Amino acid sequence: MNNVNCQNPQLIDWWRNAIIYQVYPRSFYDSNGDGIGDIPGIIAHLDYITALGVDAIWLCPLFESPMDDFGYDVTDMYTIDPDFGTLEDFDQLLADAHNLGLKVIIDQVWNHTSDQHPWFLESRQSRDNPKADWYVWADPKDDGSPPNNWLSVFLGKSAWVWAPQREQFYFYDFLEFQPKLNLHNPQVVDAILKCATFWLERGVDGFRLDAVNFLIHDPKLQDNPPRPEEASPPDGILSANPLAKQLFHNQICDAQNYQLLQQIREHVDCYEAITLGEVTLSEDAIAISSDYVTGSERLHLVYNSALFFQNPFSATQMRETLERIEHHFSSGGNCWIAGNHDYRRLKSRWTGKDAQGNPYPEEFYHAIAAMLLSLPGAFCLYQGDELGLTDAEIPDDIPAQQMKDSFGKALYPDIPGRDASRTPMPWQADAANAGFTEAKQVSFLER
């Protein structure tokens with residue numbers, strides 16, 4: 001096991017009511033004119049972030065990647081992708097942020113890797129190589145079909161891909177090029193904790209754990225039961241998504257997740273760092289996510305899809321949500337989030353009309369912002385939401401043929417995907433490309 005000697009230091013609980021500013025590096029600021037946001041671009045605007053009065057920044061993945069899912073398909077967890085800069089750039093960002101009093105939280109993608117990761121390439125070669133059991137592999141059924149009925153969260157089709165090299169299927173939760181790591185295997189757990197150590201020893205203040213409720217699956221690979229017709233879709237999933245026709249009883253949210261969370265918590269506590277987990281796309285995101293912060297042996301903070309409802313905002317719905325959060329998070333640990341790189345921006349989602357039939361006025365959104373910052377618990381603010389940015393429109397602003405998000409392209413037009421909330425941050429109203437880049441063509445969505 002990957003053990004670190006420590007004396008269980010007491011972490012100052014700055015995080016309980018923290019405001020965490022989420023930076024999507026690719027579209028934040030381009031410092032070198034290649035059309036892609038980068039680490040030096042973040043450094044250049046740390047003074048802006050500091051002026052917002054936030055406590056920490058959360059950086060979406062910066063690691064080496066083919067960018068098929070824009071960083072969430074990692075090929076090297078230890079290396080900064082050249083699109084974003086160098087490890088020296090990262091160290092400078094860390095030092096400058098700390099000098100300004102900002103904590104730095106970085107994404108860790110431990111549910112899966114890219115199918116180009118050396119671990120997967122080795123695992124796929126045979127059934128008896130040293131990493132053969134590092135991913136989730138299974139034999140076909142007698143008729144040659146996939147091992148069970150599990151579906152891709154993003155594509156709504158079978159979550160199994162045939163690999164002729166092994167004559168077996170591999171499992172993925174999201175996109176076909178993101179094979180799932182087998183976290184039932186202690187060697188894999190050791191590997192991700194070793195990666196955690198690398199970044200913790202560089203001085204990061206915590207990790208945002210991607211898709212934390214997906215980490216552990218049912219080892220028996222039992223089918224998911226069908227969703228009753230009268231049942232509502234799971235939190236964070238539109239009814240148009242084919243995934244909504246199943247109950248997620250076996251594919252995700254396995255009870256063994258808590259044992260893994262304990263190992264992760266023990267590890268990061270040795271460095272006085274924190275964990276922020278993402279729990280979405282589950283049957284009851286509020287209740288389930290609260291389990292992930294129960295006691296002092298699981299995560300520090302967790303955010304869920306409680307505010308990702310698609311219907312017009314209402315005081316009644318907000319009150320019901322707040323009451324449920326207070327009930328399930330009686331000991332704290334909740335982190336509010338109302339928009340990010342995976343969902344619609346706040347101002348584009350909470351649209352509607354007042355009693356006179358007029359669109360919500362600008363003052364409404366100011367009041368919403370004040371409310372979100374006043375709620376008990378932490379809060380994640382997505383870059384640009386402080387400016388009241390709206391989503392781009394597809395196909396008006398981004399033609400359908402120019403979409404880059406694999407999820408969006410697969411389910412368009414029923415589900416437009418995520419390109420719309422990942423557009424460049426505007427820095428100067430009267431400048432070309434709103435000051436985001438000096439490039440003639442903005443290529444932040446391209447490799």
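**Starting at Phe90**

Leaving aside neighbours within four places in sequence, Phe90 is in contact with Ile39, Leu59, Leu62, Ile80, Ile106, Trp199 and Val204. Contact here means heavy atoms within 4.5 Å.

Before I go on, a word on the source. This is a predicted model, in which local features need pLDDT of at least 70 and side-chain atom pairs count only at pLDDT 80 or more, while totals for chains, interfaces and linings use all residues. Residues are numbered from 1 along each chain as its sequence is written, and side-chain values use heavy atoms, with hydrogens and water left out.

Back to Phe90. Which residues have the most contacts inside the largest nonpolar core? They are Leu59, Phe90 and Phe207, in a core of 132 residues. A nonpolar core is a set of buried Ala, Val, Leu, Ile, Met, Phe, Trp, Tyr and Cys residues joined through side-chain atoms within 4.5 Å. Buried means under 20% relative accessible area, exposed over 50%, and partly exposed in between, with a 1.4 Å probe and protein chains only. Helix α5, residues 186–202, gives this core its largest share, nine residues. There is also a second, separate core of five residues, among them Ala392, Ile394, Ile398 and Ala420. As background, nonpolar side chains tend to be buried together in soluble globular proteins.

**The sheet**

The protein chain has eleven helices and 13 strands. Both are DSSP runs numbered from the N terminus: helices are H or I with at least four residues, strands are E with at least two.

Eight strands form an open sheet in the order β11-β10-β9-β5-β2-β1-β13-β12, with parallel pairing. Two strands pair if DSSP finds at least two bridges between them. At the edges are β11 (301–304) and β12 (335–337), each pairing on one side only. Neighbouring strands are turned by 25 degrees against each other on average, direction ignored. For angles, axes are lines fitted to C-alpha atoms, for helices over the stretch in contact, and values run from 0 to 180 degrees between N-to-C directions.

Take β9, residues 206–209. Gly206 and Arg208 point one way, Phe207 and Leu209 point the other way, and all are buried. On one hand, β9 runs parallel to β5 (residues 103–108), joined by four bridges; Gln108 has Leu209 as its bridge partner in β9. On the other hand, four bridges join β9 to β10 (residues 274–279), also parallel, and Leu209 has Gly277 as its bridge partner there.

Next, β12. This strand pairs with β13 (residues 378–382) in the parallel sense over three bridges, and Cys335 stands opposite Ala378 in β13.

Which helix lies across β2 and β5? That is α3, residues 87–99, running at about 140 degrees to β5.

Most residues other than glycine have a negative phi, and most peptide bonds are trans. Here are some exceptions.

Phe70 has a positive phi, near 50 degrees. Phe70 lies in the loop between β3 (63–64) and β4 (76–80), and counts as buried because its relative accessible area is 7%. Ala211 also has a positive phi, about 50 degrees, although it is not a glycine. Ala211 sits in the loop between β9 and α6 (257–269), and its 4% relative accessibility is why it counts as buried.

Then the cis bonds. The peptide bond from Ile394 to Pro395 is cis, with omega near 15 degrees; Pro395 is in the loop between β13 and α11 (406–411). The bond from Tyr412 to Pro413 is cis too, with omega near 5 degrees, and Pro413 falls in the segment after α11.

**The whole chain**

Of the 447 residues, 56% count as buried. Among contacts with a separation of 6 or more, residues 24 or more positions apart account for 71%. The C-alpha trace spans about 60 × 50 × 50 Å along its principal axes.

Last, the radius of gyration, taken over C-alpha atoms. A compact globule of 447 residues would have one near 22 Å, and the chain has 21 Å, so the two agree. The globule rule is 2.2 Å times the number of residues to the power 0.38.
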